[in-house]
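Trainee: I would like to learn how to read a model one feature at a time. Where should we begin?

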Amino acid sequence: MTFTALIFLALAMSTDAFAAAIAKGAALRKPGLPQALRIGLLFGCIETITPLIGWALGSLAADAIRQWDHWIAFVLLLGLGGRMIWLSFGKDEEEEEEGGSQNFLLLVLTAVATSIDAMAVGVGLAFVDVSIVHAAIAIGIATTTMVTIGVLLGRRLGAVVGRNAERIGGVVLVLVGTTILIEHLSA
């Protein structure tokens, strides 16, 4: 795999996470660069690990991962997006988003949901002449960068749409999940 192909692969793997990050940034109340970077690093680390897992599974689970990856991502993103939409109707405009373990768990679940396709790509990379370590690192760096930018862009979007930001973010997650499902079913 050429360096250019590796860069394009890394960017392609980060697009779902980028869309989810815009949604998250819109739902947060004024996230700064440190918070955006922490979220980016979380997504980037998970997105680095998943192709390694996929590569390790290789041919043992290739068919199972390819057959179910889109459904797993769809259900996770539908659930997370639906939850965001549901909560947006009961949230007071002045209410600050709560921190803590529940939000961290939701971030991790979102990161996992958007990285399932990277696991399937890892399975595919097991059958071609490519350094999985280089590919995983490239995917992780691209995802960290794109998610950090996405959270900061989402902050701007959140300032524009105000109270509807979390609702819109939930809709974006549902659309990302639906797009993943449609792309895999039509392939």
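This is a predicted model: local features need pLDDT of at least 70, side-chain atom pairs count only at pLDDT 80 or more; totals for chains, interfaces and linings use all residues.

Mentor: Burial is read from the relative accessible area, and under 20% counts as buried. Ala21 has a relative accessibility of 1%, so it is buried. The residue belongs to helix 1.

Trainee: Which residues does Ala21 contact, leaving aside its neighbours within four places in sequence?

Mentor: Val147, Gly150 and Val151 are in contact with Ala21.

Trainee: How do I judge the geometry of helix 1 itself?

Mentor: Compare its end-to-end span with the expected one, then look for a bend. Helix 1 covers residues 3–27, which is 25 residues, and its first and last C-alpha atoms are 36 Å apart, close to the 36 Å expected at 1.5 Å a residue. There is also a bend of about 40 degrees at Thr15.

Trainee: What span should helix 2 have at 1.5 Å a residue?

Mentor: Its 25 residues should span 36 Å, and the end C-alpha atoms are 36 Å apart, so the two agree. Helix 2 runs over residues 33–57. After helix 2 comes Gly58, with a positive phi near 45 degrees.

Trainee: Which residues of helix 2 are buried?

Mentor: The list includes Ala36, Ile39, Leu42, Phe43, Glu47, Thr48 and Thr50. Take Thr50 as a case: its relative accessible area is 7%, so it is buried. Outside the four places on either side in sequence, Thr50 touches Ser115, Ala118 and Met119.

Trainee: What does Thr110 touch, not counting residues up to four places away in sequence?

Mentor: Thr110 touches Ala20, Phe43, Leu80 and Leu173. Thr110 sits in helix 4, residues 101–125. With 9% relative accessibility, Thr110 counts as buried.

Trainee: And where does Ile132 lie?

Mentor: In helix 5, which covers residues 132–161. Ile132 has a relative accessible area of 8% and is therefore buried. Its contacts, again leaving out residues up to four places away, are Pro51, Leu52, Trp55, Gly122 and Leu125. Gly122 is 10 residues from Ile132 along the chain, and their C-alpha atoms are separated by 7.5 Å.

Trainee: How many aromatic pairs does the structure hold?

Mentor: A pair of rings is described by the distance of the centres and the angle of the planes. The structure holds one aromatic pair. The ring centres of Trp71 and Phe74 are 6.3 Å apart and the planes meet at 85 degrees, so this pair is edge-to-face; the cut-off for that class is over 60 degrees.

Trainee: Where do Trp71 and Phe74 sit relative to each other along the helix?

Mentor: They are three residues apart in helix 3 (residues 62–90), so about one helical turn separates them. Trp71 is partly exposed, at 35% relative accessible area, whereas Phe74, at 17%, counts as buried.

Trainee: How many helices and strands does the protein have?

Mentor: It has six helices and zero strands. In order from the N terminus, the elements run α-α-α-α-α-α. The protein has 187 residues, and 47% of them count as buried.

Trainee: What share of the contacts joins residues at least 24 apart?

Mentor: Among contacts between residues at least 6 apart in sequence, the share is 93%. As for the surface, the protein exposes about 9,600 Å², and carbon and sulfur atoms supply 71% of that.

Methods
Residues are numbered from 1 along each chain as its sequence is written. Side-chain values use heavy atoms; hydrogens and water are left out. Rings of Phe, Tyr and Trp (its six-membered ring) pair if their centres lie within 6.5 Å; planes under 30 degrees apart count as stacked, over 60 as edge-to-face and the rest as tilted. Helices (H or I, at least four residues) and strands (E, at least two) are DSSP runs, numbered from the N terminus. Buried means under 20% relative accessible area, exposed over 50%, partly exposed in between (1.4 Å probe, protein chains only). The expected span of a helix is 1.5 Å times one less than its number of residues. The bend at a residue is the angle between axes fitted to the seven residues ending there and the seven starting there. Contact means heavy atoms within 4.5 Å. Accessible areas come from the Shrake-Rupley method with a 1.4 Å probe; for residues, only the protein chains shown count as cover.
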